[in-house]
Amino acid sequence: MGDITITNALILPMTEEKKSFNGYVRVEGGAIAEVGAGASPQFRSEQFIDAAGAVLMPGLVNAHTHLYQVLLRAVWEDLPLMPWLKRIYGAAQALRPEHFYAGSLLGCIEAIRSGVTTVCEHNFLNPDPQCAFETVRAIRESGLRAVFARTIMDTGEIVPECTKEKPEVAFGRIESILAQHKGSENLTFMTGPNTPPINTTPALLKEIRRFADVNGIGISAHVAESKSVVECVRQQHGKKGVVEFLQQFGIPGHNSIFAHSVHVSEDEIAILKETGSSVSHNPVSNMMLGDGVAPVVEMLRQEVNVALGTDGAASNHSQDLFDTMKSASLLQKVHHQNAGVIKPYDVLRMATVGGAKALGLGSVCGTIEAGKRADLIVVDLETIHAQPINDVYSQIVHCAKAADVQTVIVNGEVLMKDRELARHDEGRLLADARRVNIDLMQRVNALVF
Ligand SMILES: [Zn+2]
């Protein structure tokens with residue numbers, strides 16, 4: 001892996017509030033070797049990147065998505081949650097491993113183009129065990145850092161039989177994925193109940209924590225996304241909320257990430273804090289599906305670790321985390337009717353440091369510090385929509401756009417330089433995705449919901 005020196009950058013290290021300085025970063029062997037202010041000393045790097053007029057910051061962390069869903073953008077819109085979910089789950093009957101591969105690769109490339117260097121793929125539809133393997137193959141080919149969260153469903157009215165699994169069968173399949181990718185540098189794993197309790201039995205929930213601990217992996221779950229899920233735990237399990245319900249199975253924990261957490265009480269926020277659980281806030285998806293507003297300000301006040309996610313493109317339309325950052329900021333301001341309720345730094349922190357911590361990568365990425373892996377992005381600020389710069393944190397959150405991302409480096413490898421992809425031929429990739437999508441749409445249109 002070649003050494004890289006990035007010079008003339010406005011650096012946002014994300015190590016402390018408001019800190020920014022002009023300087024350089026030297027990358028050696030995939031790690032950040034040196035971060036300095038001012039002009040760069042004369043290094044003998046193999047590659048120099050001049051970041052004049054741009055910000056150098058940690059790559060963004062998309063803490064919750066379903067990559068293949070880029071093939072399902074705008075397919076089912078304007079539906080209430082349950083009819084929408086019925087279609088999303090029902091799609092399992094049409095989805096084949098090749099759809100997962102092409103869709104996931106396209107999703108990864110969209111992520112790279114929007115400055116994401118780490119994704120957490122919450123994998124929940126497995127009509128064929130190969131679907132998970134093909135998703136992982138696409139992620140690895142993209143060069144992104146990733147957490148593959150292979151979740152399990154064993155019950156549920158809207159879950160097609162082809163994607164329900166007996167816990168012991170699912171655990172065996174997950175073990176085979178873990179064995180195949182053991183020691184992969186940019187890839188770690190999680191498991192989890194997909195959306196408890198509507199598609200998981202108590203018997204499965206009892207086993208999940210044990211399985212995660214035995215294998216040294218974390219837990220990812222959709223938690224309290226809608227009021228209907230909370231109603232379900234109240235009526236069927238006699239608990240006041242989903243977090244409280246999950247606590248009896250030991251699901252909350254320092255290596256657990258709960259996507260959404262929209263309908264959680266103050267008491268449940270306290271449980272999240274006590275157990276060290278993280279939350280992935282997915283504001284665009286929550287707005288698109290009409291779920292409600294997650295109590296992000298309250299969670300931050302209680303020092304719960306909050307990350308940001310796009311969620312799948314079926315409920316977001318994109319994998320653009322800049323879009324998500326701006327939405328996260330505006331949604332809390334309008335919800336609280338208070339413009340000062342959340343700061344741009346808080347939002348950017350969720351999209352970097354918070355995401356890394358939530359995915360067990362706090363010591364690996366999320367900040368620009370010597371010793372961490374070099375997951376870095378260069379964002380052009382010499383643009384009509386960003387100039388002049390008065391508050392760089394606010395302007396990254398509120399002005400910058402995915403298309404402003406010039407250069408993306410993951411683990412010291414340049415995946416995009418001056419908006420040119422290094423590993424992939426974008427034209428060919430798009431053609432492949434369109435071809436596969438024609439087949440998928442024919443199969444989806446034959447389904448009856
Ligand atoms: Zn999701």
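## Zinc site

Along the chain, the donors of the zinc ion follow the spacing H-x1-H-x155-H-x88-D, where donors are N, O and S atoms within 2.8 Å of the metal (3.2 Å for Na, K and Ca), and sites may look incomplete since water is not among the atoms. This is a predicted model, in which local features need pLDDT of at least 70 and side-chain atom pairs count only at pLDDT 80 or more, while totals for chains, interfaces and linings use all residues. Residues are numbered from 1 along each chain as its sequence is written, and side-chain values use heavy atoms, with hydrogens and water left out.

The coordinating atoms are NE2 of His64, His66 and His222 together with OD of Asp311, at 2.1 to 2.3 Å. His64 belongs to strand β6 (residues 60–65) and His222 to strand β10 (residues 218–223), so this pair ties together parts that are 158 residues apart in sequence; helices (H or I, at least four residues) and strands (E, at least two) are DSSP runs, numbered from the N terminus. Both His64 and His222 are buried, which stands for under 20% relative accessible area, with exposed over 50% and partly exposed in between (1.4 Å probe, protein chains only).

## Nonpolar cores

A nonpolar core is a set of buried Ala, Val, Leu, Ile, Met, Phe, Trp, Tyr and Cys residues joined through side-chain atoms within 4.5 Å. The largest has 97 residues, of which Met57, Leu60, Phe322, Met325, Leu348 and Ile396 touch the most other members. Helix α2 (residues 97–113) supplies the largest share of this core, 7 residues. Apart from it lies another core, of 28 residues, with Trp76, Leu85, Phe100 and Val444 among them.

Leaving aside neighbours within four places in sequence, Met325 is in contact (heavy atoms within 4.5 Å) with Leu60, Leu308, Val347, Leu348, Ala351, Ile396 and Val397.

## Loop residue Ile389

Ile389 is found in the loop between β14 (376–380) and α13 (392–398), and because its relative accessibility is 32%, Ile389 counts as partly exposed. Not counting residues up to four places away in sequence, Ile389 touches Leu381 and Gln395. The C-alpha atoms of Ile389 and Val410, which are 21 residues apart along the chain, are separated by 27 Å.
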